[in-house]
Amino acid sequence: MSKRRLRRGGKKGIIRRLMHFTGPYKKFLIPALLACVIGVSLSLLAPVMVGHAVDYLIGPGEVQFGPVARYLIALVAVIVLSALFQYLMGILTNAVTYRTVRDMRKAVFARLNILPLKTLDAGERGDTINRVVTDMDLISDGIMHFFTQLFNGIVTVVMTLIFMFSLNIPLALVVVCLTPLSLLVSYLIAKKTGGKFREQADLRGEIGAFAEERITNQRLTRAFCSERNAQNTFEEINQRLYNCGWKAQFYSSITNPGTRFINAIVTAAVAACGGLLAVHAGGGMWAITVGELSSFILFANQYAKPFNEITGVVTELQNAYASAVRIFDTLDEQPESDDSALPALQMKQGNVRLEHVCFSYDKERPLIRDINLDVQKGERVAIVGKTGCGKTTLINLLMRFYDLDSGRILIDGQDVSHMTRDSLRAVFGMVLQDTWIFTGTVRENIAYGKPDATEEEIVAAAKAAHAHSFIKRLENGYDTMLYGDASRLSQGQRQMISIARVMLVSPPILILDEATSNIDTLTERRVQRAFDKMMQGRTSFVVAHRLSTIKEADVILMMDAGQVLEQGTHEELLAKDGAYARLYRSQFEGGGK
């Protein structure tokens with residue numbers, strides 16, 4: 001995945017797009033806001049009741065226990081009701097948060113499924129996985145904090161101001177005048193830490209990609225005694241993440257003591273001014289009782305609470321923003337062109353024709369150059385050549401994993417670029433050198449391309465691939481669970497399951513890309529016989545290094561540097577005594593001209 005940032009509309013654009021995902025769940029927000037207002041209002045009644053109770057505690061021998069007890073009972077009731085409404089708000093905001101993130105995950109995974117392979121190949125798998133998992137979790141935390149602490153904090157500030165102004169206007173003005181200092185501190189620190197959180201998100205992707213790569217290839221790491229090199233590289237990335245992380249957290253953590261310091265000044269100012277009003281105001285309009293001053297100080301603390309908690313809110317929101325940028329980078333990647341309006345490929349015979357096909361991964365370095373080929377139904381085409389000559393690339397072009405730079409590929413006279421990709425790929429069956437076994441039973445792995453296959457069909461495909469015998473020896477036979485890379489099976493056994501998967505769907509055109517390269521010689525002969533039977537009457541493309549597997553091919557393409565050097569049958573190419581003959585002698589006679 002490319003690391004370029006496709007920020008449409010900057011920060012406002014990112015927030016707007018996040019809100020777009022929450023749009024379908026606005027119906028939860030109004031009840032949540034109502035519950036929040038009621039819960040906060042009830043919690044703010046507590047200081048009022050405490051103030052009234054204090055006024056009944058006038059002095060020794062003058063305490064009126066009846067009114068005090070009534071206010072204490074009412075206080076408990078208010079606290080319980082406030083907690084219930086806050087709980088209700090939490091349930092509603094959770095519904096918005098998790099449904100929003102669920103929809104975002106679906107959108108990202110759906111986009112990954114339609115991105116061109118060149119886009120996926122250009123990125124690192126671990127980084128892509130981090131976007132779907134870690135970044136989504138951070139967005140979830142950010143949205144949750146927005147709808148709980150920040151959302152609740154705004155309501156608390158507004159409601160507290162209403163209560164304070166209704167209680168004593170001069171003291172309320174003292175609080176309001178000093179409030180901007182807290183906001184200024186928070187703004188300056190948030191501006192400083194924003195870049196650090198974005199850098200931290202990118203480094204999480206980098207370390208995830210490295211860890212996934214090394215864990216997946218742990219055997220090779222140990223085989224080459226590279227544990228120390230891997231550890232050193234990991235520690236270097238981890239140190240960069242640590243340096244960035246602690247700076248981001250350090251700067252953001254200054255917010256809390258900064259706002260607490262300002263709020264302490266506010267409380268002190270309220271206490272001082274309130275004390276003066278209580279002593280010197282007499283019975284004037286700004287007079288305040290000791291109980292009312294106690295209530296006001298509690299209100300001031302309630303008012304300050306959201307500012308004290310702003311550290312956690314800002315940190316989570318900045319983390320969420322940095323992750324959202326990465327998510328929307330993925331969603332903004334250009335998908336494969338929409339082909340839903342195109343007709344489906346109509347399979348008739350299985351004739352394949354390549355006309356002046358040209359392709360390159362890098363426009364500066366041409367690879368496939370002017371290849372022409374005419375394959376009739378039932379013919380076997382073998383593609384040989386040294387590594388990097390373009391064999392597998394040619395297969396990718398047949399499947400339209402990549403689009404041509406120029407030229408045409410036709411199946412039964414139909415230009416595949418004018419047909420839907422799904423209908424094209426449905427006529428091909430591929431067995432690759434790199435096996436893919438997913439977490440599931442052996443049966444599920446074989447039936448991947450035909451989920452509704454019967455037990456008899458699955459067993460028949462396994463027998464044809466010579467996999468039935470070793471499958472029956474597994475502890476649960478076809479119900480044996482395979483996990484991850486199925487390391488409990490040999491490479492050859494994994495390949496035979498992959499072969500059985502293709503044999504089950506029985507496609508009209510076959511592609512075998514080094515399909516038997518990881519199987520021992522005896523098993524290879526058995527599987528080759530199964531392939532021979534399966535290829536009868538089907539057009540087949542076989543990529544092979546071992547020339548013993550392609551002697552019976554109808555056409556052999558000898559490729560080099562993206563061009564077809566020679567074309568013909570095995571005997572014809574040997575008679576030419578060219579590149580193919582030299583390659584053949586190097587394998588079977590130990591040398592060449």
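Let's start at Ile-497, which sits in helix 17 (residues 491-505); helices are DSSP runs of H or I with at least four residues, strands are E runs of at least two, and both are numbered from the N terminus. This is a predicted model, in which local features need pLDDT of at least 70 and side-chain atom pairs count only at pLDDT 80 or more, while totals for chains, interfaces and linings use all residues. Residues are numbered from 1 along each chain as its sequence is written, and side-chain values use heavy atoms, leaving out hydrogens and water.

Ile-497 has a relative accessible area of 1% and is therefore buried (under 20%; exposed is over 50% and partly exposed lies in between, with a 1.4 Å probe and protein chains only). Beyond residues up to four places away in sequence, Ile-497 touches Ile-437, Val-442, Asn-445, Ile-446, Phe-470, Leu-482 and Leu-489, contact meaning heavy atoms within 4.5 Å.

Next comes Gln-414, in strand 5 (residues 414-415). Gln-414 is buried too, with a relative accessible area of 13%. Its side chain reaches the backbone oxygen of Gln-346 at 2.7 Å. Setting aside neighbours within four places in sequence, the contacts of Gln-414 include Ala-344, Leu-345 and Met-419.

Finally, look at helix 2 (residues 26-55) and helix 3 (residues 65-114), whose axes come within 8 Å and cross at roughly 160 degrees. Here axes are lines fitted to C-alpha atoms over the stretch in contact, and angles run from 0 to 180 degrees between N-to-C directions. The two helices are therefore roughly antiparallel, the term for angles over 145 degrees.

Conventions. Parallel < 35°, antiparallel > 145°, perpendicular 65-115°, else oblique. Polar contact = N/O pair within 3.5 Å; in protein donor to acceptor, adjacent residues only side chain to side chain.
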